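User: I'm new to this one and would like to get my bearings. Can we go through it together, one question at a time?

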Amino acid sequence: MVLESTESWAKQAKNGVVIFVDSQAALKALRRPRMPSGQVYLAGCLGLIQRLAGRCVRIELRWIPAHQGVIGNEIVDQHAKQAAQEPDGLQNPRNRGICLAAAAKRRIRREAKLEWDRTWAKETTSRPTRRLIEAPTKKTLEYWSGLCKATTSILMQLRTGRIGLGAYLNRINRRETARCGCDLGNQTMIHVLLECPLHQDERDWMRSALSDKGTTLSRDELLTRPEARTAVAEFMVKTGLLGQFQTVDPTALGEEENDEGAEIKTP
């Protein structure tokens, strides 16, 4: 604000203008404008200094220990506090729409995130996914960390409900009936994982594998607990219901290995 007020009467200052500042942080930031904090305001200050320099007006900034007792500095301090309470972004005319790269990237990421949140909130599809997570976050990605491609594909199909089982194939007109071969219900993902007697041996194997990891045979835990990922995917392969995975190389299943050849541990 001091620089802005200087612009109107700078022509009268034949020997230049000296501005006393009690903030070392502000002076250091002006000397090194690549520092990320306050990029919008730094850009405005640097732009004013350059304009004044173009008019042959020399601006000198000097640091003073404190502003207490100096009337001019007390007024400047009040203006600085007012400026700190003003809104950020383009809605503030003082910002002039100028920002350096770091500030622009932050704003773009923030606005993209807000737009994505609004889109997710209005979305009416993806009900199977919504039952598992309230909204995708960075933590959601941890579930997929370290998995081999085929295992990731099987789990993605299970979690979204778009999987080659009778119920879904019937819904998209790729199968005449949704009934399971056991004739005790429709061949849904939950029926296969928890109920179908045709796959009891595979289910017993999965139960044993999960018990060692402290996980039970419940819908919520099977599709949300990282400890259950590989056992659930291997169970689906063992049932033989997903034909596209019957000839998959075993190295494409399970968890990836690190450089030392040790299996990546589930977080």
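User: Which residues of H8 are buried?

Analyst: This is a predicted model, so everything here is read from a prediction. Buried means under 20% relative accessible area. In H8, the residues that count as buried are Ala 150, Thr 151, Ile 154, Leu 155, Gln 157, Leu 158 and Arg 159.

User: And what covers the buried residues of H8?

Analyst: Several other helices have a part in that. The cover includes helix H6 (127-132), helix H10 (189-195), helix H12 (219-224) and helix H13 (229-239).

User: How far apart are the end C-alpha atoms of H8?

Analyst: Let's start with what to expect. H8 covers residues 149-160, which is 12 residues, and at 1.5 Å a residue they should span 16 Å. The model agrees with that, since the end C-alpha atoms are separated by 17 Å.

User: Are H8 and H13 roughly parallel or roughly perpendicular?

Analyst: Their axes come within 9 Å and cross at roughly 85°. Angles from 65 to 115 degrees count as roughly perpendicular. On the H8 side, the contact is made by Thr 151, Ile 154, Leu 155 and Leu 158, and on the H13 side by Arg 229, Val 232, Ala 233, Met 236 and Val 237. So H8 is, relative to H13, roughly perpendicular.

User: How about H11 and H13, roughly parallel or roughly antiparallel?

Analyst: Helix H11 (residues 200-211) packs with H13 at an angle of about 165°, and the axes are 10 Å apart. An angle over 145 counts as roughly antiparallel. That makes the H11 and H13 pair roughly antiparallel.

User: Which residues of H13 make the contact with H11, and is the crossing left-handed or right-handed?

Analyst: H11 brings Glu 202, Arg 203, Trp 205, Met 206, Ala 209 and Leu 210 to the contact. From H13 come Ala 231, Val 232, Glu 234, Phe 235, Lys 238 and Thr 239. As for the crossing of H11 and H13, it is right-handed.

User: Is Thr 215 buried or exposed?

Analyst: Thr 215 sits in the loop between H11 and H12. Leaving out residues up to four places away in sequence, Thr 215 touches Leu 210, Glu 221, Arg 225, Glu 227 and Ala 228. Its relative accessibility is 5%, so Thr 215 counts as buried.

User: Where is Asp 183, and what is its relative accessible area?

Analyst: Asp 183 is found in the loop between H9 and H10. Its phi is positive too, near 60°, in a residue other than glycine. Asp 183 is exposed, and its relative accessible area is 52%.

User: Where is Cys 45, and how far is it from Leu 30, C-alpha to C-alpha?

Analyst: Cys 45 lies in helix H3 (residues 39-54) and is partly exposed, at a relative accessible area of 26%. In sequence, Cys 45 and Leu 30 are 15 residues apart. From C-alpha to C-alpha, the distance is 7.9 Å.

User: Which residues of H5 are buried?

Analyst: Helix H5 runs over residues 101-122, and its 22 residues should span 32 Å, which agrees with its end C-alpha atoms being 32 Å apart. The buried residues in H5 are Ala 103, Ala 104 and Trp 120.

User: Stepping back, how many helices and strands are there, and what share of the residues is buried?

Analyst: The chain has 13 helices and 2 strands. Of its 267 residues, the buried share is 30%.

User: What is the mean pLDDT, and where is the pLDDT below 50?

Analyst: The mean pLDDT of the chain is 79, and 77% of the residues reach 70 or more.

Key: Residues numbered from 1 in each chain as written. Predicted model: local features only at pLDDT ≥ 70, side-chain atom pairs only at ≥ 80, totals over all residues. Heavy atoms only, no water. Helix = DSSP H or I, 4+ residues; strand = E, 2+ residues; numbered from the N terminus. Expected span 1.5 Å × (residues − 1). Buried < 20%, exposed > 50% of the residue type's maximum accessible area, 1.4 Å probe, protein only. Contact = heavy atoms within 4.5 Å. pLDDT = per-residue confidence, 0-100. Axes fitted to C-alpha atoms, helices over the stretch in contact; angles between N-to-C directions. Parallel < 35°, antiparallel > 145°, perpendicular 65-115°, else oblique. Left-handed = near helix turned anticlockwise from the far one by under 90°.
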